[in-house]
Amino acid sequence: MAEDATDEPPWPLLLGSAIVCGLATLGGIIAQRYPGPDTIAVALYMTAYLAGGWDAAIDTFGKLKRFRLDIHFLMLAVAIGAAFIGAWWEGAALLFLFSLSGALEVMAMARTEREIRSLFNDAPKQALEILPDGTTREVAADTLEADTAIRILPGEQFPADSIIVSGDSAADESSLTGESVPVNKTAGDTVFGGTLNTWGKLDARVLRPPGDSAHARIIHLIREAQASKAPSQRFTDRFGTAYTVGILGFAILMFLIWHFILKIPAFQDGESGNSAFYRAMTLLVVCSPCALVISIPSAILTGIAAGARRGILFRGGVAVENLASINRLAVDKTGTLTKGELELTGLESSDPKLDNELLHFAAALSKNSTHPLSRAIVAENLKRGGTFEEIEGFESLAGKGLKGRIGNRELLLGRRSLFEGHPWITALPAPEPGLTEVLVTAGDLSGRIILRDAPRIEAASTVARLHEQGIEVTMLTGDREESAQLVATELGLRHWRSGLHPEDKVAAIKEWREQGEKVAMAGDGVNDAPSLAAADISIGMGLRGSDAVLEQADIVLTHDRLERILEALDISRRCRVIIRQNLTISLGVVIFLGFAALGSWIPLPLGVLGHEGSTIVVVANSLRLLIRSKENTD
């Protein structure tokens, strides 16, 4: 029931206070039923008031200083009013149920917070800095700066985003990407802070301080999401304050009507039943907007936690609530529909029996380069269990390729322009659309390696399911028409646009929006940032995406899996349903109990039970998002 759950005392303290309040209330009721001084019962009730009301009193005092009223003020006013007319046990019961529902609410939000924290390993506190003389010293990880030389031993976490200078190992990046298989790392590769170095000793250079690492950025995104509010929540926030003042005024008006017009005694029960004051207090309780105020933020926060558990980071309530409304998804090709990494699809050598030998020589040269083509060749050689011979006289030929020597064998690797004058080139056909070639010569052996940025395995099924849900998927790419058409045909896309510059992508999205469509855009590169900004909802692919994308995206798919868009849509739709259910429950209970209170058909304790019970039901209903998410991830 707090305005900000993070400002609440810990839930065990609140729950303990509620239990003390309940026990003291029960003791007061028992003391009243047996002969003896009333002071014992009153003392027990006062204990219940203190235990059940201290948190609400602190919150109310802080709000009154800002001239604001909320549900805490109403509950305290009713409890004090009940004590004023001698209805001690009713006031104590109100504070017990109110403090209990508040404790359960904070406990539920704490569970949401715990689910989010459990997604990430704690960041390392210490790091090994490499000194100029080659020795190391242990330093606090948060003191690392860009370009600091560090050493990471096997089994240790990387203290910051870094680039490897020397050494070979594999990194467990499951906490960031969801990939269970460790990723091989060697010189020139990037590693992420908070991930685990599995087996090799690595020397690296810090790219950015730990506070700016991918790990830290993602936790910042979650905190930012928790603090933001959905459109419907902003409405209930504005409505809630005005409603609180309005219902307080309405209760006062009804007190005056009951007493001065209907002639019901003001503070003493009479032949007509309860006093006017008692009836006004009951009306005030049952019409208080407690369940209404919590109905939306509880659903939004559990939606954020459910998404985070599945590698979907909603950057606030707007994204959670609005994603369900889209009817078109625009997607970038490279890195979104495709893997964004080249993989070998064919080997063609002058002697077909020596295909693996051609790859072996190409990999030896490529090991000395960080170009994406070279990385793909090295990865394929490793996959086939190949080794890497040392290259002599290595040379990188700008814009053309690589050159080197193994023994007496001269090696060349690169594009066609590097091999001008070689007779075998003229008979070599151009690669098919969508494919990339790398030519290789190693002494008398020559040939080429065919590579491709292949579509993601899950892309075709994801596109098909989106089409089934009535969402049109359109690919926006800067590639040639032939390459775009090849990918579109493979994935079952009905619409695509090729040869686009960033401004062309923005124009396409604006065109669809002007036609009344709700457009989401998914991308991963810097060139996607303008179109992400132009869309109704922007989706960033993976933590390896550019900083511009991570800053711009409303939703970040940290596991870099395209099918998570379907799960994000599912969470958004279910969150919308739960919000509607919560609003129906909270408003329905207020209307029903309000009419009952106007007719004096319910006593204060029953009104309290109905009011606080609806709050607990609303919070429990929201937690269904988290429970179902747990089932889906098991």
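A: In this predicted model, the axes of helices α8 and α20 come within 9 Å and cross at roughly 175 degrees. An angle over 145 degrees counts as roughly antiparallel, and α8 is therefore roughly antiparallel to α20. On the side of α8, the contact is made by Thr 282, Leu 283 and Val 286. On the side of α20, Val 590, Leu 593, Gly 594, Ala 597 and Leu 598 take part. Of the residues in this contact of α8 with α20, 6 are nonpolar, 2 are polar and none is charged.

Helix α8, which spans residues 276-286, also packs with helix α3, residues 71-84. Here the angle is about 155 degrees, and the axes lie 10 Å apart. The two helices α3 and α8 are therefore roughly antiparallel to each other. In passing α8, helix α3 makes a left-handed crossing. From α3, the residues Leu 74, Met 75, Ala 77, Val 78, Gly 81 and Ala 82 meet Phe 277, Met 281, Leu 284 and Val 285 of α8. This contact of α3 with α8 comprises 9 nonpolar residues and 1 polar residue, with no charged residue.

Helix α20, in turn, has a further partner. Spanning residues 564-598, α20 packs with helix α9, residues 290-309, at an angle of about 160 degrees, with the axes 9 Å apart. That angle makes α9 roughly antiparallel to α20. The crossing of α9 and α20 is right-handed. Helix α9 contributes Ala 291, Leu 292, Ser 295, Ile 296, Ser 298, Ala 299, Ile 300, Gly 303, Ala 306 and Gly 307 to the contact. Helix α20 contributes Ile 571, Cys 575, Ile 578, Ile 579, Asn 582, Leu 583, Ser 586 and Leu 587. The residues of the contact of α9 with α20 divide into 12 nonpolar and 6 polar, and none is charged.

Strand β1, residues 126-130, pairs with β2 in the antiparallel sense over 5 bridges. Within this pair, Leu 128 has Glu 138 of β2 as its bridge partner.

Another open sheet contains 3 strands in the order β6-β5-β8, and its pairing is also antiparallel. The edge strands of this sheet are β6 (183-185) and β8 (196-197), each of which pairs on one side only. Strand β5, residues 169-172, is joined to β8 by 2 bridges, and the two strands run antiparallel. Asn 197 in β8 is the bridge partner of Ala 171.

The mean pLDDT of the protein chain is 82, and 86% of its residues reach 70 or more. Over residues 1-6, however, the pLDDT is below 50. Beyond near neighbours in sequence, that stretch has 15 contacts in the model. Where pLDDT is low, the predicted coordinates should not be read in detail.

Conventions. Residues are numbered from 1 along each chain as its sequence is written. This is a predicted model: local features need pLDDT of at least 70, side-chain atom pairs count only at pLDDT 80 or more; totals for chains, interfaces and linings use all residues. Side-chain values use heavy atoms; hydrogens and water are left out. Two strands pair if DSSP finds at least two bridges between them. Helices (H or I, at least four residues) and strands (E, at least two) are DSSP runs, numbered from the N terminus. Axes are lines fitted to C-alpha atoms, for helices over the stretch in contact, and angles run from 0 to 180 degrees between N-to-C directions. Angles under 35 degrees count as roughly parallel, over 145 as roughly antiparallel, 65 to 115 as roughly perpendicular and the rest as oblique. A crossing is left-handed if the near helix is turned anticlockwise from the far one by less than a right angle, and right-handed if clockwise. Contact means heavy atoms within 4.5 Å. Ala, Val, Leu, Ile, Met, Phe, Trp, Tyr, Cys and Pro count as nonpolar, Asp, Glu, Lys and Arg as charged, and the others, Gly among them, as polar. pLDDT is the predictor's confidence in each residue, from 0 to 100.
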